[in-house]
Amino acid sequence: VVINTTNDFELALVLKRKEDSRKLLIKDILCRIQEKGNIIQDASNKEGICLIGHSQIDNWDVTRINSYKTRNCGIKGISSFEYTEHILKHNILACSEDIYIIMHGTNDIVYDYSFKEILESIDNTVKYIRKKKNSSRIYFLQCLHVNGRLDRNNKYIDQLNDYVKTNLKDIYWISTNTLDDEFGNLKAEYTVDGLHLSKEGYDALLNIIEQEVV
């Protein structure tokens with residue numbers, strides 16, 4: 001940024017803070033991947049379900065979905081792009097299960113990616129699983145709405161969900177609209193901060209998934 005005015009200087013500060021924040025986030029993501037390395041590379045859960053995604057998956061303390069034991073490969077703060085870059089490209093995600101549940105999107109929309117770019121990035125995970133376990137069932141959890149967040153917009157989330165649902169192939173789509181209130185926001189009792197789920201939110205999410213994954 002060329003600084004000629006006060007506004008230019010303030011913009012430069014905002015961009016610098018954003019860059020610094022991004023670097024810290026990547027550091028946290030890499031630490032979390034290392035912490036969960038044994039889980040990510042665990043190929044023993046052959047009769048279970050593998051969960052893939054960001055913090056809404058990583059924070060979920062779930063051990064079983066219906067009769068299936070779960071292996072949680074979610075990583076806090078990660079986008080689908082970073083999941084590809086730091087996990088899939090390194091070939092460290094084991095794919096021994098017959099069932100996969102993917103949840104990506106909410107951390108993709110905070111960056112300047114187009115819907116097409118986000119779709120292609122999410123599809124990297126689908127293709128990776130197919131290459132490893134072609135006969136598997138892959139479910140995609142649509143991007144959850146938020147409640148009162150300034151960094152995410154429900155109208156934009158709807159547009160992304162519509163685009164991904166229309167164009168992502170070879171998956172089973174799971175709608176999460178029953179988690180919303182009458183205004184189309186994530187129900188207040190289902191979230192701790194407008195984005196991340198509360199215990200009640202996870203209980204409701206489990207109920208949705210158990211009706212789809214049988």
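A crossing of two helices is right-handed if the near helix is turned clockwise from the far one by less than a right angle. The legends below apply this term to one helix pair and then turn to other views of a predicted model.

**Figure 1. Helices H5 and H6 cross in a right-handed sense.** Two packed helices are described by the angle between their axes and the distance between the axes. Here H5 covers residues 115-132 and H6 covers residues 154-167. Their axes come within 10 Å and cross at roughly 55 degrees. The two helices are therefore oblique to each other.

**Figure 2. Asn66 sits in a loop between two strands.** The strands on either side are S2 (64-65) and S3 (68-74). Most residues other than glycine have a negative phi. Asn66 is not a glycine, yet its phi is positive, at about 55 degrees. Is this residue buried, partly exposed or exposed? Its relative accessibility is 33%, so Asn66 counts as partly exposed.

**Figure 3. Asp170 is another residue with a positive phi.** The value for Asp170 is near 65 degrees, although the residue is not a glycine. Asp170 lies in the loop that runs between helix H6 and strand S6 (172-174).

**Figure 4. The whole chain gives the setting for the close-ups.** How many helices and strands does the chain have? The secondary structure comes to seven helices and six strands. Along the sequence they follow the pattern α-α-β-α-β-β-α-β-α-β-α-β-α. The radius of gyration is 18 Å, close to the 17 Å that the globule rule gives for 214 residues, so the chain is as compact as a globular protein of that length. Along its principal axes, the C-alpha trace spans about 60 × 45 × 30 Å.

**Figure 5. Burial and contacts are summarised over the chain.** Of the 214 residues in the chain, 47% are buried. Contacts between residues at least 6 apart in sequence were also sorted by separation: 70% of them join residues at least 24 apart.

Key
Residues are numbered from 1 along each chain as its sequence is written. This is a predicted model: local features need pLDDT of at least 70, side-chain atom pairs count only at pLDDT 80 or more; totals for chains, interfaces and linings use all residues. Side-chain values use heavy atoms; hydrogens and water are left out. Axes are lines fitted to C-alpha atoms, for helices over the stretch in contact, and angles run from 0 to 180 degrees between N-to-C directions. Helices (H or I, at least four residues) and strands (E, at least two) are DSSP runs, numbered from the N terminus. Angles under 35 degrees count as roughly parallel, over 145 as roughly antiparallel, 65 to 115 as roughly perpendicular and the rest as oblique. Buried means under 20% relative accessible area, exposed over 50%, partly exposed in between (1.4 Å probe, protein chains only). The radius of gyration is taken over C-alpha atoms; the globule rule is 2.2 Å times the number of residues to the power 0.38. Contact means heavy atoms within 4.5 Å.
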